[in-house]
Amino acid sequence: MVLNIDRFVIKSEKFLYGEAENNKHIAFTVTENYVCYSGVALTSIMLVSRDNNYTFHIFSKRFKKDDIDKIEKTAERFNVNVVIYYVNENIFINCKEPGVYTYASYYRCIIPKFFSGMISRLLYLDVDVCALEDISSLWEIDISNKIVAAVKGKDNEGAKIGVKDYFLSGGLFINILRWNNNSISEKCLEKIKEDKIYRCPDQDILNLVLENNVLLIDKKYNFHYSLSYLLDSSKKPSEEECPQNILIIHFAGHSKPWHSWVKRMKAASKYIDVKNHSAWKDMKLIKPQHYKDFHKVARLAKKESTILDIIICYMRYIMAKVNYIIKMGE
């Protein structure tokens with residue numbers, strides 16, 4: 001198919017406080033309500049960086065004025081470049097909806113095409129990440145003979161879709177030229193249009209399209225860490241140490257470090273510390289809303305709190321579930 005990339009971005013705003021040449025480029029793709037988390041992720045990278053040779057690109061359908069102001073302040077604070085792009089989602093009008101995900105999850109399939117002729121390499125990151133150490137060594141990895149470099153995922157996920165070396169798409173180091181010479185964006189859109197159900201649509205499609213063209217790299221560049229899993233499996237989640245010797249921690253799973261019920265966990269507290277040193281320091285942690293969230297709070301209280309706290313948490317969980325059942329029956 002022919003991809004009209006001119007339709008992808010409606011307009012952009014540039015906040016240029018760094019050098020224009022030889023920058024390390026990083027992109028985030030988000031919905032309007034997640035722009036703030038891209039700002040915290042950006043801040044985490046710069047707080048531990050040995051240089052300011054970065055340009056950040058944030059793609060979203062809409063931006064709040066408050067977030068735009070904070071993005072500019074962040075660019076000025078760290079002497080880096082930040083460009084925001086307003087995306088036209090009509091480019092996906094004939095594509096299959098991404099299930100529980102948003103169309104923003106498909107942006108990563110398009111942005112290397114958008115950057116054709118502008119930059120040579122791009123790091124794409126999900127926004128539920130936090131840099132714990134300087135990540136500049138990633139740009140020393142040779143991907144001249146590959147299309148992307150990424151961290152290996154679970155073998156059983158690859159087996160489900162017929163791929164041997166399944167990779168995680170939440171962190172992609174992209175060779176822009178080879179990506180576009182192989183029409184990867186076009187091939188992804190063709191897959192997206194197919195009437196086929198994928199558990200993780202963007203990730204599964206990228207794995208199918210990029211098979212045998214991926215350099216698997218050390219997991220320290222995209223270390224998947226599930227707070228949800230620890231809530232269930234650990235006897236005392238708050239005592240679980242944050243992983244060591246990793247560069248980027250990726251908070252996989254439903255519970256994110258911006259959720260109030262995980263704030264006592266050490267890995268989440270590192271993220272909160274970054275947030276508190278960012279332009280989004282006044283952003284409140286999200287409290288439980290769905291009954292399943294209240295259930296997580298109750299289970300955590302059972303492991304770590306007093307009897308009274310446990311009783312209160314389980315009462316809130318029961319009330320939330322009853323209210324949910326009533327609304328579903330209306």
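The buried residues of helix H2 are covered by elements including strand S1 (9-16), helix H1 (35-47), strand S3 (54-60) and strand S4 (81-87), contact being heavy atoms within 4.5 Å. Helices (H or I, at least four residues) and strands (E, at least two) are DSSP runs numbered from the N terminus. The model is predicted, and local features need pLDDT of at least 70, side-chain atom pairs count only at pLDDT 80 or more, and totals for chains, interfaces and linings use all residues. Residues are numbered from 1 along each chain as its sequence is written, and side-chain values use heavy atoms, with hydrogens and water left out.

Asp 67, Ile 68, Lys 70, Ile 71, Thr 74, Ala 75 and Phe 78 of H2 are buried (under 20% relative accessible area; exposed is over 50%, partly exposed in between; 1.4 Å probe, protein chains only). These buried residues fall within an arc of 165 degrees down the helix axis, so they line one face of H2; the arc is that of the directions from the axis to the C-beta atoms. Lys 65 and Lys 73, on the other side of H2, are exposed. Asn 79, which follows H2, has a positive phi near 55 degrees.
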